[in-house]
Every structure is written in C-alpha cells, then in structure tokens.
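Hi there,

Here is the structure I promised to pass on. Please have a look when you get a moment, and my notes come just below it.

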Amino acid sequence: MTWSILYRGSLSSCNYACGYCPFAKRANTRAELARDFEELERFVDWVSGCPRELRLLLTPWGEALIHRAYRRSLVRLSLLPRVRRVAIQTNLSAPLQDLAGAGPSLALWASFHPSQVTVERFLSRCRKLDELGLRYSVGVVGLREHFQAIEELRARLPRAVYLWVNAFKRSPDSYRPEEVERLVGVDPYFRFNLPRYRSLDRACRTGQTSFTVDGKGDVRRCHFVGQVLGNVYEPGFEDCLRERLCPAERCGCHIGYVHRPELRLEEVFGEDGLLERIPLGWPEVDSRAGGLPESPAGVAGQAEPHSAQTPPPSGVWQEV
Ligand code: SF4
Ligand code: SF4
C-alpha cells in the first residue's frame, strides 16, 4: 500500500507579505534555519530507506523553496525509485534552475499572490517550469479584490495548466452567487472547495494510508488534528497506522478532505494528482464538477455553505 505523507518541518518564514497570512515577512534566525535543514535531511534519509512506495507533499509554514536545502532535497527525493510523487507548496519566487536535474515524480503546487507579484512576473516563472519540463498546478486565494488578476492569469496561462481557486471562507459574506459563478468560470472545480465539510465521525484515510510528519518525525493523521500517533524514526512506527474516523467537526482544506472516501476525489484527481492538485485528464472537466455529494447544493445535512464556517483554529492554516 502506498503512503501519502505531508511533511512540515520547523521552518516558519516567508519572503512575501500576503495580508491573509500569519507568515508574511516573518524571518527565521540562522540557527532556526539550520535546525530546519537538519530535520529535512533526516526526513529525506528516512524516505530513502523506507521500503514503501510513497507520495510526498511538503507543506511548509511559509516559503521553503527559496532555500537551497529544499531544492536539493526535492531533487534527491524525486530520483528515489519508491517515491511516486514529491510535490511542494511554493510561491514560485525561488531560483528554479536548481530543479533541472529532478526526476519526473517532482511536481509543484504554485501559488499566485496578486498583492506580491504581477501576473506577468508569475507567468514568466510558469514558463520557466515549462522549460524545465516540470509538472505543476497553479492556485490562488479567491479574494474579491483579486478577481480581475485571477481571470487575467487564467486567460494567459496555457490551457493545459490547471488553475485552482481556494475559497476565502473567513467572513460570513464571502461570496455572492454571481461571484461563485465567476470563479467557477476560472476553476470548474471551485465548488469542491466552498464548503467546510462536516467530518466528525466520518471515514477519512488519514492516520491509515496518509499522515503528516513534522521536523521531529512525529506522526499525526493530518494538519488539523493535533494528536501525535507515533514517530517515523522509531522502529515499528507503522503499527500506529490504522483505520480511523475523523475527530474534527469540519474539514475545509483540499489537503484534508481529499482523503475522505465519501467524496471520491481520487476519481477526479487520480491517485497521482491528488497531492499536487492536478485533475485527471485536465483540461477535460469531470462531470462531477458541478458539485460533490456533500457540496452546498448536494445532500442535505452533509455540508454547509462556506458562509457558515468558523475561522480555522489557532495554529492551523489553509493551503494558500
Ligand atoms: S501566503 Fe504563502 S507566499 Fe504569502 S506570505 Fe504566506 S506563505 Fe508567503
Ligand atoms: S480534519 Fe479532515 S483530514 Fe483531518 S481527519 Fe478530519 S476529515 Fe480527515
């Protein structure tokens, strides 16, 4: 059985200053960075010795790809025979040439932040990824003030590149119906991301075939449930992995709800595109794009519209 692992070390800093992010222009000290890079190297060593097939997504608190240690580690991971996929969330501001030697399993989850970079500049970074032959999705937070830039980006990106929009779900009046339609025009799967799905006591593959690992090696089922299940650096840690129901009221992030079997999102994204968020067959659009069984317009009582959500708990951040 292939494991999907989300890795997040102790790094918590970024070179950008997005207004919606707690890591905006936050810096780590040299000592903190050194610790993070040591943690990363230890994790990469563990992966290289792991007998399982793995899919990996690096989900740093902030921007990690600007650090050479991450670029080197990604290349190394992408060349390991049992790593089916290795992806990272990034704002794409890093020197990308360092990824030239990567294997085909490397993918990027590239976020566009219109307050920090122009469409033109961001497109030039995407062209660089194309030149390098790298697989990537592009994403953006669906803030009302950025609608025009988001549409411009969609119009100018090659159709073969999927552009996803994350719903900004923190205010009760996030979107009017016509605004939802406008964003669906950019991302046909936008409605998947609108709800914070009810998840309490429902099946979720996290903690069984998918889990997170932090810098110390501690294993949690997902980024939204704090309980530590084990530690990958301890022999026999896999005994902690088993079928579990979700203990959280709701789940509203792609990196979480894609692991809920009820939503059948692996049928839309394919097992190999689930982590980096590239739909299977894109730019063909799956017939379920109009709404999931639990979408706001779907099965009653399964989910509520985005407007009913509460802000994420402290320390929990969405995949912007
Ligand atoms: S949203 Fe991303 S790019 Fe923007 S400040 Fe936060 S970590 Fe940096
Ligand atoms: S919060 Fe989301 S990812 Fe975590 S266990 Fe619940 S449904 Fe799964």
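This is a predicted model: local features need pLDDT of at least 70, side-chain atom pairs count only at pLDDT 80 or more; totals for chains, interfaces and linings use all residues.

The chain has 320 residues, and 58% of them are buried. Its secondary structure amounts to 8 helices and 16 strands. If you take the contacts between residues at least 6 apart in sequence, 71% of them link residues at least 24 apart.

Next, a helix pair to look at. Helix α1 covers residues 30-49 and helix α2 covers residues 68-78; they pack with their axes 11 Å apart and at an angle of about 0°. Angles under 35 degrees count as roughly parallel, so α1 and α2 are roughly parallel to each other. On the α1 side, the contact is formed by Asp36, Phe37, Leu40, Val44, Asp45, Val47 and Ser48, while α2 brings Ala69, Tyr70, Ser73, Arg76 and Leu77. By type, the residues of this contact between α1 and α2 are 7 nonpolar, 2 polar and 3 charged.

Finally, the ligand site. Which residues are around ligand 2? They are Ser199, Cys204, Thr206, Arg221, Cys222, Cys246, Cys251, Gly256 and Arg260.

Happy browsing, and do write back with any thoughts.

Best wishes

Definitions and conventions: Residues are numbered from 1 along each chain as its sequence is written. Chains are lettered from A and ligands numbered from 1 in the order in which they are written. Side-chain values use heavy atoms; hydrogens and water are left out. Axes are lines fitted to C-alpha atoms, for helices over the stretch in contact, and angles run from 0 to 180 degrees between N-to-C directions. Helices (H or I, at least four residues) and strands (E, at least two) are DSSP runs, numbered from the N terminus. Angles under 35 degrees count as roughly parallel, over 145 as roughly antiparallel, 65 to 115 as roughly perpendicular and the rest as oblique. Contact means heavy atoms within 4.5 Å. Ala, Val, Leu, Ile, Met, Phe, Trp, Tyr, Cys and Pro count as nonpolar, Asp, Glu, Lys and Arg as charged, and the others, Gly among them, as polar. A residue is near a molecule or strand if one of its heavy atoms lies within 4 Å of it. Buried means under 20% relative accessible area, exposed over 50%, partly exposed in between (1.4 Å probe, protein chains only).
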